Amino acid sequence: MYPLIFCSVLTLGISIERSYHLRRKKIINPEFLTNFRKHWQKQEKSKAIELCHRYDICLSRILKAGLFRSSYGIIEIERAIEGMGQHEASLLNSNLRMLGVVANLAPMLGLLGTVLGMIKAFAVISRFGTGNPGLVASGISEALITTAAGLMVGIPALALYHYFRAKIDRFIFEMEEISLQLIEELVPKK
């Protein structure tokens, strides 16, 4: 049961940390985006970079990478944005792998506890026989508690894992869309 308690505390800690860091304002701040678009459309590169320095969010770091490469052409801007976008996506996914591990490991730990409990129950049967069903039933009951505990930790961990993955995927998609729109604004109209 101690590893399951550790897994539940770890799940709680990761979910609190991810909930805090995956807020919209920390990834795609609407105020930042509005101000950035104004500087972008006016071709005010230095003001846009200064704005990116003031907002320490994912989108500002991605766009700042593109701004630093803006003198090399649109293809370089795209490469810089794509490279920084991949880096930011990996940062957004941090700690999720551990949540996935807990989601898979907790039920297995519960089953291990059940198997060990069943071994103890059969040891009681071999020692005292089947004459006292209360002894056997209590051992089996104790063994099944670990399975239930493993599932009680694993199921929420798996649900949280998929919730955060979906949230991150939406943010990544939205940042890609914003970046593509800004790059398209740079392409001269025919």
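This is a predicted model: local features need pLDDT of at least 70, side-chain atom pairs count only at pLDDT 80 or more; totals for chains, interfaces and linings use all residues.

**Entry 1: H1 against H8.** I started with the crossing of H1 and H8, which is left-handed (near helix turned anticlockwise from the far one by less than a right angle; clockwise would be right-handed). Residues are numbered from 1 along each chain as its sequence is written, and side-chain values use heavy atoms, with hydrogens and water left out.

The helices I use are DSSP runs (H or I, at least four residues; strands are E, at least two), numbered from the N terminus. The axes of H1 and H8 cross at roughly 15° and come within 10 Å (axes are lines fitted to C-alpha atoms, for helices over the stretch in contact, with angles from 0 to 180 degrees between N-to-C directions). That makes H1 roughly parallel to H8 (under 35 degrees; over 145 is roughly antiparallel, 65 to 115 roughly perpendicular, the rest oblique).

I then listed who meets whom (contact is heavy atoms within 4.5 Å). On the H1 side I found Leu4, Cys7, Ser8, Thr11, Ser15, Arg18 and Ser19, and they meet Thr146, Ala149, Gly150, Val153, Ala157, Leu160 and Phe164 in H8. By class I get seven nonpolar, six polar and one charged (Ala, Val, Leu, Ile, Met, Phe, Trp, Tyr, Cys and Pro are nonpolar, Asp, Glu, Lys and Arg charged, the others, Gly among them, polar).

**Entry 2: Ser15.** Is Ser15 buried or exposed? Ser15 is buried, at a relative accessible area of 10% (buried is under 20%, exposed over 50%, partly exposed in between, with a 1.4 Å probe and protein chains only). Neighbours within four places in sequence aside, Ser15 is in contact with Leu160 and Phe164.

**Entry 3: H1 against H7.** Here the packing angle is about 155°, and the axes are 10 Å apart. H1 is therefore roughly antiparallel to H7. I checked the handedness too: the crossing of H1 and H7 is left-handed. The contact of H1 with H7 has eleven nonpolar, two polar and one charged residues.

**Entry 4: the core.** Which residues touch the most other members of the largest nonpolar core? Of its 41 residues, they are Ile27, Phe32, Phe36, Leu59, Leu92 and Met175 (a core is a set of buried Ala, Val, Leu, Ile, Met, Phe, Trp, Tyr and Cys residues joined through side-chain atoms within 4.5 Å). H8 gives the largest share of this core, eleven residues. I looked up Met175 as well: beyond four places in sequence, its contacts are Ile27, Ile28, Cys58, Leu59, Ile62 and Leu92.

**Entry 5: Leu51.** Leu51 sits in helix H4, residues 45-54, and is buried at 1% relative accessible area. Not counting residues up to four places away, Leu51 touches Phe32, Asn35, Phe36 and His39.

**Entry 6: positive phi.** Most residues other than glycine have a negative phi, so I went looking for exceptions. Gln43, not a glycine, has a positive phi of about 60°. I found Gln43 in the loop between H3 and H4, exposed at 59%. Asn95 has a positive phi near 75° and lies in the loop between H6 and H7. Asn95 counts as partly exposed, at 37% relative accessibility.
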